[in-house]
Amino acid sequence: MTNETPVGQVTDKVTDARDPRDPQEGPAPEPAAEAIGGMSGPDGPLLRLIKDRRIAFLIVGVTNTVVGFGWFVLFDLTIGRLWGYMATLLFAHVAAVLCAFILYRKFVFRVRGHVWVDLGRFELVYLTALAVNAILLPILVEFAHLQPIVAQALIVFVTTLISYFGHSRFSFRRKVAE
């Protein structure tokens with residue numbers, strides 16, 4: 001028999017940062033029944049409503065994808081006109097990563113500490129997605145003759161998969177207490 005925990009199963013209770021002496025805060029919510037990649041922490045507001053970390057992850061992921069694509073469109077219509085679509089991609093990447101990090105950390109995982117470590121790991125996942133994007137975008141623009149915004153809309157599906165698997169298994173991962 002091994003001590004490994006199946007993915008999606010919480011193995012220990014997680015403490016909340018609430019002050020138990022403060023009656024206005026009420027009782028701390030129970031941790032969600034499902035965890036992704038061994039992540040733990042008090043439930044974010046979305047998890048208190050949804051109760052399933054995977055669904056909350058998906059909701060924030062869809063929101064993040066829409067916001068990230070919005071950044072791309074904004075930068076394409078501004079910076080892209082001056083410096084081209086690859087500059088658009090880089091500026092959109094930075095803005096989207098910072099937005100996504102805050103959304104996931106605040107609304108889904110609610111992990112504590114390790115902000116810079118988490119941000120570094122988070123960025124590593126997005127750098128992988130950026131590398132794929134940086135290869136596919138010029139191919140679709142230069143060889144398939146698509147407009148950058150249309151090409152990016154197609155690429156979003158690929159990079160979303162990369163992000164989901166990377167974040168769910170790496171970005172906010174915490175060691176499970178033994």
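**Figure 1. Arg81 and its salt bridge to Asp76.** Arg81 is exposed, with a relative accessible area of 57%. Exposed means over 50% relative accessible area, buried under 20%, and partly exposed in between (1.4 Å probe, protein chains only). The side chain of Arg81 meets that of Asp76 in a salt bridge, at 4.0 Å from N to O. A salt bridge is a side-chain nitrogen of Lys or Arg within 4 Å of a carboxyl oxygen of Asp or Glu. Asp76 counts as buried, at 5% relative accessibility. This is a predicted model, in which local features need pLDDT of at least 70 and side-chain atom pairs count only at pLDDT 80 or more, while totals for chains, interfaces and linings use all residues. Residues are numbered from 1 along each chain as its sequence is written, and side-chain values use heavy atoms, with hydrogens and water left out.

**Figure 2. The salt bridge between Asp118 and Arg105.** The structure holds 2 salt bridges. Here the closest N and O atoms of Asp118 and Arg105 are 2.5 Å apart. Asp118 lies in helix H5 (residues 115-143) and Arg105 in helix H4, so the pair ties together parts that are 13 residues apart in sequence. Helices are DSSP runs of H or I with at least four residues, strands are runs of E with at least two, and both are numbered from the N terminus. Asp118 is buried, at 0% relative accessibility. Arg105 is buried too, at 13%.

**Figure 3. The aromatic cluster of Trp71, Phe75, Trp83 and Phe91.** These four residues form one aromatic cluster. Rings of Phe, Tyr and Trp (its six-membered ring) pair if their centres lie within 6.5 Å; planes under 30 degrees apart count as stacked, over 60 as edge-to-face and the rest as tilted. The count comes to 6 aromatic pairs. The ring centres of Phe75 and Phe91 are 5.7 Å apart and their planes stand at 45°, so this pair is tilted. Phe75 belongs to helix H2 (residues 53-77) and Phe91 to helix H4, so the pair ties together parts 16 residues apart in sequence. Phe75 is buried, at 14% relative accessibility. Phe91 is partly exposed, at 36%.

Figure 4. Leu82, Trp83, Leu90 and Phe91 make a nonpolar patch of about 490 Å². Patches are made of residues with over 30% relative accessible area and no salt bridge: like charges are joined within 9 Å, nonpolar side chains (Val, Leu, Ile, Met, Phe, Trp, Tyr) within 5 Å. Areas come from the Shrake-Rupley method with a 1.4 Å probe; for residues, only the protein chains shown count as cover. Helix H3 (79-83) and helix H4 (85-109) each supply at least two residues of the patch. Trp83 sits in helix H3. Trp83 is exposed, with a relative accessible area of 59%.

**Figure 5. The surroundings of Thr159.** Thr159 is found in helix H6 (residues 148-171). Thr159 is buried, at 11% relative accessible area. Neighbours within four places in sequence aside, Thr159 is in contact with Ala129 and Asn133. Contact means heavy atoms within 4.5 Å. A polar atom of the Thr159 side chain lies 3.2 Å from the backbone oxygen of Val156. From Thr159 to Val125, the C-alpha to C-alpha distance is 9.9 Å, and the two are 34 residues apart in sequence.

Key:
A polar contact is a pair of N or O atoms within 3.5 Å; within protein, one must be able to donate a hydrogen and the other to accept it, and residues adjacent in sequence count only if both atoms are side-chain atoms.
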